[in-house]
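Dear colleague,

Please find below the structure that I am handing over to you. A summary of the findings follows it.

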Amino acid sequence: MNSDIFLITPADKPVARMLLLHGAGAAVQSQFLSLLAQELALQGIEVWRVNFAYMQKSLQGQKQPPSKVAVLQQELVAFIGQLPNDLPLLVGGKSMGGRVATLLAAAEDEPSLVATAKLRAICCFGYPFCPPAKKTQGIGARTEHFPMLKLPVLIVQGERDEFGGKAQLSDAPVESWPQLNMHWLPFGDHDLASLKKHPLSQQQLIMLAATACRDFINAKILAN
């Protein structure tokens with residue numbers, strides 16, 4: 001196993017392991033994902049953060065745009081294959097990373113099915129339902145695969161997320177998404193930051209996101 005590519009945040013007496021992926025523009029070393037990893041570890045979730053290849057190159061000074069989704073899915077399959085099997089495994093993803101994980105969980109090709117068989121669930125932190133500039137087009141394109149999900153999926157979303165807030169999802173066909181669980185965080189945006197006038201800080205919302213993830217694990221994995 002090439003453990004050098006992973007940033008590991010250990011947990012005391014872990015109940016699960018999470019492979020945590022980044023969004024399109026910020027690496028897993030970002031403040032958001034660093035704070036999230038710490039809070040998840042406090043909830044008994046061991047976190048393995050990893051950058052996709054394009055982000056690794058960007059960190060080395062060769063600025064790269066995100067790879068195509070199909071390439072990212074292949075990389076995710078490879079990451080999963082490198083992880084130990086001693087704990088229940090989840091994939092967690094910030095924005096784009098969460099979308100890639102859900103696409104993997106809905107795919108039918110053999111590598112995806114093998115990887116999905118090793119997984120127990122997926123947690124998305126700020127799902128990119130629709131780019132802010134295209135809000136008027138609705139959320140359909142990035143949710144078409146939701147009815148085909150083979151694993152339980154938790155989406156932790158800020159109520160005012162510019163990529164799909166509570167108002168934009170009020171008419172979402174949730175009855176056709178049986179594997180999907182939505183958890184809304186008050187005042188949060190796409191990075192779970194709130195306005196200064198709101199009572200909850202970004203740190204507090206990240207803590208609530210980690211707590212929601214542990215509750216999800218308790219209900220969907222540890223209870224079974």
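A pocket, as the term is used here, is an open set of grid points where a 1.4 Å probe fits, with protein on both sides within 12 Å along at least five of seven lines. Please note that this is a predicted model.

The largest pocket has a volume of about 280 Å³. Its lining is made up of 21 residues, and those closest to the centre of the pocket are G23, A24, G25, S95 and M96. Helix 1 (31-42), helix 3 (69-81) and helix 4 (96-106) each contribute at least two residues to this lining. By residue class, the lining of the largest pocket comprises eleven nonpolar, six polar and four charged residues.

I also examined the cysteines. A disulfide requires two cysteine sulfur atoms within 2.5 Å, and by this rule the count is zero. For C123, the closest cysteine sulfur is that of C213, at 3.1 Å, which is too far for a bond. C124 is likewise in no disulfide, since the nearest cysteine sulfur to its own, that of C123, is 7.6 Å away. C123 is buried, with a relative accessible area of 0%, and C124 is also buried, at 1% relative accessibility.

Finally, T143 lies in the loop between strand 5 (119-125) and strand 6 (153-158). T143 counts as buried because its relative accessibility is 7%, where buried means under 20%. Leaving aside residues up to four places away in sequence, T143 touches F129 and W177.

With kind regards

Key. Residues numbered from 1 in each chain as written. Predicted model: local features only at pLDDT ≥ 70, side-chain atom pairs only at ≥ 80, totals over all residues. Heavy atoms only, no water. Helix = DSSP H or I, 4+ residues; strand = E, 2+ residues; numbered from the N terminus. Buried < 20%, exposed > 50% of the residue type's maximum accessible area, 1.4 Å probe, protein only. Contact = heavy atoms within 4.5 Å. 1 Å grid on protein atoms, 1.4 Å probe; cavity = no way out; pocket = protein on both sides within 12 Å on 5 of 7 lines; lining within 4 Å. Points joined across faces, edges and corners; volume = space filled by probe spheres on them. Nonpolar A, V, L, I, M, F, W, Y, C, P; charged D, E, K, R; others polar.
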